[in-house]
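Thanks for coming. Please have the sequence and the model open.

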Amino acid sequence: MASEPVNVNEFQELARQALPKMYYDFYTGGAEDQHTLKENVAAFRRIMLRPRVLVDVSRIDMSTTILGYNISAPIMIAPTAMHQLAHPEGEVATARAAAACNTIMILSNMSTCTVEEVASSCNAVRFFQLYVLKRRDISAQIVHRVEKNGYKAIVLTVDTPRLGRREADIKNRMVAPQLRNFEGLLSTEVDTDKGSNLEALIKGIYDTSLSWEDIGWLKSITNLPILIKGVLTHENARKAVEVGVAGIVVSNHGARQLDYTPATISVLEEVVHAVGGRVPVLFDGGVRRGTDVFKALALGAQAVLVGRPVVYGLAANGERGVRRVIEMLKDEFELTMALSGCPSVKDITRSHVTTTEFDKPRSML
């Protein structure tokens, strides 16, 4: 009998054993040389912790709020596509795990379970990730369904006018399943003999003309708060605040879009400073340890989103696997807070980390 995983990284091997190669490669792969894919994780290792001692840590409070909604820890579930490729229960299992862990799941626009199925599966706060289609009327219909079914925010992904070059998917001739949110609205079946079926699908349906002006269009069709996901620069962060978004997600799409963009943790502080506290900043990319959560919060994130590890947990053991992934990260984060002398999330500050091995603390005697 195989031993139970003792950390989140060990779920990846379990997922590899459970999944067909095509699907495993789809979930694990990045764009082109996968430089950014490696950097998203490696960059965390270059950030060191500066703990405080002789602090009363007999009680640790990890709880926080996102857009006014309480969650048990600043660890949310990122939008990732097509969960039924990982497990038959798909996004429904992931949603139940999120509810059990008292956190927020962001359901992918490219989910294999419908917004209605996920909404009815459990009572929980959840957000919806949106891609804007060439057929704006279909995007509007989906937004209305999301609002009707109790989702609390729209997370607009803005870094995907076209799909990044994911060479494993091209080699495997990746075949996308029917995306059920589009049933009766749009055919997602593509017949191609030139590589990734998914790449051909995205090229056919995504709106490459999407621009800043279209934030106004989206705001006009929904009363839900709108966050934008895919910001990596202070220029875009300032523009996002100007157009009235309710939040920003610092993300390079899990390194699946444009290779040789910086690791997200390396640009988080730039975005936080540009925003200046006017809207919450969430963080996405490379989180594998509770120490990573702590580092992201120290650099200004309000919460982190976890993507691939959730899918690995789902592939390994369904809802229970997802719960274990989130619980492991929460346990590690709580321990990091205690050992760093931070009884609550608000006690985590920039002075608790140093971003290079040779950085001097900001105030030295």
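I start with alanine 255, which is buried, at a relative accessible area of 0%. This is a predicted model, so please hear every value as computed from a prediction. Alanine 255 sits in the loop between strand S9, residues 247–250, and helix H11. Its phi is positive, near 65°, and the residue is not a glycine.

There is another such case to look at. Arginine 173 also is not a glycine, and has a positive phi of about 50°. Arginine 173 belongs to the loop between helix H7, residues 167–172, and helix H8. With 49% relative accessibility, arginine 173 is classed as partly exposed. The cut-off for exposed is over 50%, so 49% stays in the partly exposed class.

Helix H8 itself covers residues 197–205 and contains leucine 201. Leucine 201 is buried, at 2% relative accessible area.

Now the charged pairs. Side chains of opposite charge can pair when their charged atoms come close. How many salt bridges does a search of the whole structure find? The count is 15. I will show a few of them.

One is within a helix. Lysine 21 and aspartate 25 form a salt bridge through their side chains, with an N to O distance of 2.6 Å. Both are in helix H2, residues 21–28, and because they are four residues apart, about one helical turn separates them. Are the two partners buried or exposed? Lysine 21 is exposed, at 57%, while aspartate 25 is buried, at 14%.

Next, aspartate 284 and lysine 229. Their closest N and O atoms are 3.7 Å apart, and the pair is a salt bridge. This one joins distant parts of the chain: aspartate 284 is in strand S10, residues 281–284, and lysine 229 is in strand S8, residues 226–231, with a separation of 55 residues. The cut-off is 4 Å, so a pair at 3.7 Å is counted. Aspartate 284 is buried, at 7%, and lysine 229 is buried as well, at 4%.

Then glutamate 269 and arginine 350, a salt bridge with closest N and O atoms 2.5 Å apart. Here too distant parts of the chain are linked, 81 residues apart: glutamate 269 is in helix H11, residues 264–275, and arginine 350 is in the loop between helix H13, residues 308–340, and strand S12, residues 353–354. Glutamate 269 is buried, at 17% relative accessible area.

There is also a network of salt bridges, which links Glu117, Arg180 and Glu183.

Last, the helix packing. Two packed helices are described by the angle between their axes and the distance between the axes. For helix H12, residues 290–298, against H13, the angle is about 60° and the axes are 7 Å apart. H12 and H13 are therefore oblique to each other, and their crossing is right-handed.

Which residues meet at this contact? From H12 there are Gly290, Thr291, Val293, Phe294 and Leu297. From H13 there are Leu329, Glu332, Phe333, Thr336, Met337 and Ser340. By class, that contact has six nonpolar residues, four polar and one charged.

That is what I have. I will take questions now.

Notes
Residues are numbered from 1 along each chain as its sequence is written. This is a predicted model: local features need pLDDT of at least 70, side-chain atom pairs count only at pLDDT 80 or more; totals for chains, interfaces and linings use all residues. Side-chain values use heavy atoms; hydrogens and water are left out. Helices (H or I, at least four residues) and strands (E, at least two) are DSSP runs, numbered from the N terminus. Buried means under 20% relative accessible area, exposed over 50%, partly exposed in between (1.4 Å probe, protein chains only). Axes are lines fitted to C-alpha atoms, for helices over the stretch in contact, and angles run from 0 to 180 degrees between N-to-C directions. Angles under 35 degrees count as roughly parallel, over 145 as roughly antiparallel, 65 to 115 as roughly perpendicular and the rest as oblique. A crossing is left-handed if the near helix is turned anticlockwise from the far one by less than a right angle, and right-handed if clockwise. Contact means heavy atoms within 4.5 Å. Ala, Val, Leu, Ile, Met, Phe, Trp, Tyr, Cys and Pro count as nonpolar, Asp, Glu, Lys and Arg as charged, and the others, Gly among them, as polar.
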